[in-house]
Amino acid sequence: MSLDIKFSHIHCYVDHVADVNRYKDLEVCINDFHDRFDDNNEPGDAIDVYKGSQLWKSMADSPNDDQPEFTSNGRDLVKQLIAGFGFRVTGCYPDTNASFVSGTKSVLVTAKDPNGVQILVSSLNEEIGSEHCHDYYLHFDSKNIRKFYNTHAGRQGIAVLAFEVGWGGTEEVFKRYSRMHPDLLPEEYKVGPRVYDGEVIVLEVFAYYEGEKQVSDPDEGTRLRFLEIVGDGSNLHELCKLPGIAPVHAKFNSSCHSAYFDHWVSNVVSRTGFLDTLEDTLQFTPKVDFNAGVVAAGEAQIESTVTGNSSMMSTTEKDVALKDQSQIYLPINNALTEVGHVHGFLEEIGQGVQHIASRVDDIISFVQQANDYRKIFNEGFTFLNIPRSYYGVLTKDMLVQGCSREKDPKHDKNILTPECAAAIFDVCVSENILHADFSVDVTLSRVDITKILDSTV
C-alpha cells in the first residue's frame, strides 16, 4: 500500500509557555504599530528602523519598558515567531475556558496561510504537579515533555515531526512498525492508534534507535506523529487537525508573510539505520546524497542523505509549488569526525531535529523585514553569519590529489606534482582567489579563475 502523506506540523517543547492573553497583547501592539507606521517602501526594501523604533517606544501599550539589548538566547519562542516572522497564535490547549486542569500548556502558532507552517509549542504547567496529571489526549501528556528533556540534556527543542496521512494510513503505518520495528512503538500505542471523538486517528512512534536499528534500544526523545482525518472535521481546529486544540482568533496584517514547510533535518547516530527504518515503514527513499554522502566543512566531516516520499504532484506553476506540502524531504546527518556542528549537537544534546526549513514567496523581503523588526521590537530572530571556510578550504594536497581522493580513498593517482600544486596555490593567494582562511572567493567564475591562472602560471 502506497501512503498518502504530507507535512502537518512540528511540536516544540520549551521551558515556559505564557498565558494566551500575553501573546495576544503583543499581537495587538504589533498590528497597531503596522497601522500607524507609514514608510512607503517597496517590498524587500529596508524600512526606516529609527523612525519605527521611535514610534514603537512612543506607543503606551508596547512592551518596551527597560528592555535589555537583544540577545538571541533565552527568549520566548512564541514571541519571537510573532514579532520576527509575523506568525500568530491561532490555537491553544487547553481551551481558555476549560473546566479541567492539564499537566501541560500549549499554543498553536501559524503563518498567514492556514495551509502553511504550523508550530505547536508546549511546556509543563508550572502551576500544578504535572507528574500526577494524565491528559485525555496522549499527545499532550506531561510525561512526553519530561522524557524529551531527559534524553536531551534538559534542553528545549523540536520534539515531534507530524504528518497527515490519507484513509487507512495510520493503521498501515502501525502494522509496518509492529512487524519490522516494534520497539519503536511507545507503550501507549503498542495496541494501535488512538481514535478521538470519531474525528481523528493519532499514532506516534519513536523516531530513532539509540544506535543501530533493531539491535539497540529506542531513543525515547524525538517522535514521529501521524494524523488521519476520518470524520467531517466539524469539531476540529480549522488549521491544525490535532485533537484538543481550541481555536483562538488572530489578525494577520498585510506585512505578515505566508510560509510552507520544505524540509526537516535530523542529526543521528546511525544515518543508514534511520534511512532503512523510514523505508521499511513509510516507503521513503533517498533523494539526494551529498558528495556521495560525505560533506566536508574544514576539519568537520559528516555524512548526509535526504530521504522522502515520492509525491505524485507535478507543476510548473511557482505558486502551486510554493504551497504544496505533499513532497516531504528529511535530510539526515551523522558525524564522521569529532569536530563540527553535528558532532557537537550529538555530544551535547543527543539525537534530534537540528532545524526545519520553510519556503516563502520572497526570501529577500522576508529576511530584511525580520532583521528590521528585530531592531524595532527588540524581539525576533538573528540570522547566521556563516564564514566562507565553513564550506571548505583549498589546500595544496587537494590540488595534488584532486577532489576524487576525498570521495574515493582508493584513488591513489596524483593529478599534479607537488611543485606545480605549490605554484598554483601561491598564485591563488597572491591574486586573491583565496581569502586569508584559504576559502575560495565565490564571486569569481570558472572563467575568471582560468584567466588569472593562464596569465600567471
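Analyst: The discussion below covers helix packing, cavities and backbone geometry. This is a predicted model in which local features need pLDDT of at least 70, side-chain atom pairs count only at pLDDT 80 or more, and totals for chains, interfaces and linings use all residues. Residues are numbered from 1 along each chain as its sequence is written, and side-chain values use heavy atoms, with hydrogens and water left out.

User: Why are α1 and α3 called roughly parallel to each other?

Analyst: Helix α1 (residues 20-36) and helix α3 (residues 77-85) pack at an angle of about 15°, and their axes are 10 Å apart. Axes are lines fitted to C-alpha atoms, for helices over the stretch in contact, and angles run from 0 to 180 degrees between N-to-C directions. Angles under 35 degrees count as roughly parallel, over 145 as roughly antiparallel, 65 to 115 as roughly perpendicular and the rest as oblique. The helices α1 and α3 are therefore roughly parallel. Helices here are DSSP runs (H or I, at least four residues), as are strands (E, at least two), numbered from the N terminus.

User: What makes up the contact of α1 with α3?

Analyst: Arg22, Tyr23, Leu26, Glu27 and Ile30 in α1 meet Val78, Lys79, Ile82 and Ala83 in α3, where contact means heavy atoms within 4.5 Å. These contact residues divide into six nonpolar, no polar and three charged. In this scheme Ala, Val, Leu, Ile, Met, Phe, Trp, Tyr, Cys and Pro count as nonpolar, Asp, Glu, Lys and Arg as charged, and the others, Gly among them, as polar.

User: Why is α2 described as oblique to α9?

Analyst: Helix α2 (residues 49-58) packs against helix α9 (residues 363-377) at an angle of about 40°, with axes 8 Å apart. That value makes α2 oblique to α9. The partners in contact are Val49, Gly52, Ser53 and Trp56 in α2, and Asp372, Lys375, Ile376 and Phe377 in α9. By class, this contact has four nonpolar, two polar and two charged residues.

User: Which residues bring α12 and α13 together, and at what angle do the axes cross?

Analyst: The axes of helix α12 (residues 418-430) and helix α13 (residues 446-456) come within 10 Å and cross at roughly 115°. Ile424, Val427 and Cys428 in α12 meet Ile452, Leu453 and Thr456 in α13. The contact of α12 with α13 has five nonpolar, one polar and no charged residues.

User: How do you know how many cavities there are, and what lines the largest cavity?

Analyst: On a 1 Å grid over the protein atoms alone, a cavity is a set of points where a 1.4 Å probe fits but cannot get out, and lining residues have an atom within 4 Å of a point. The count comes to three cavities of 30 Å³ or more. About 60 Å³ of space lies in the largest cavity. Its lining consists of Ala207, Tyr208, Tyr209, Gly211, Val268, Ser270, Gly273, Phe274, Thr277 and Gln351. By class, the lining of the largest cavity has five nonpolar, five polar and no charged residues.

User: What is noted about the backbone at Pro94, Ala153 and Asp197?

Analyst: A cis peptide bond joins Tyr93 and Pro94, with omega about -10°. Pro94 is found in the loop between β2 (88-93) and β3 (104-110). Ala153, in the loop between α4 (142-151) and β5 (157-165), has phi near 55°, a positive value in a residue other than glycine. Phi of Asp197 is likewise near 55° and positive, and Asp197 is found in the loop between β6 (194-196) and β7 (200-206).

Key
On a 1 Å grid over the protein atoms alone, a cavity is a set of points where a 1.4 Å probe fits but cannot get out, and a pocket is an open set with protein on both sides within 12 Å along at least five of seven lines; lining residues have an atom within 4 Å of a point. Grid points are joined across faces, edges and corners, and a volume is the space filled by probe spheres set on the points.
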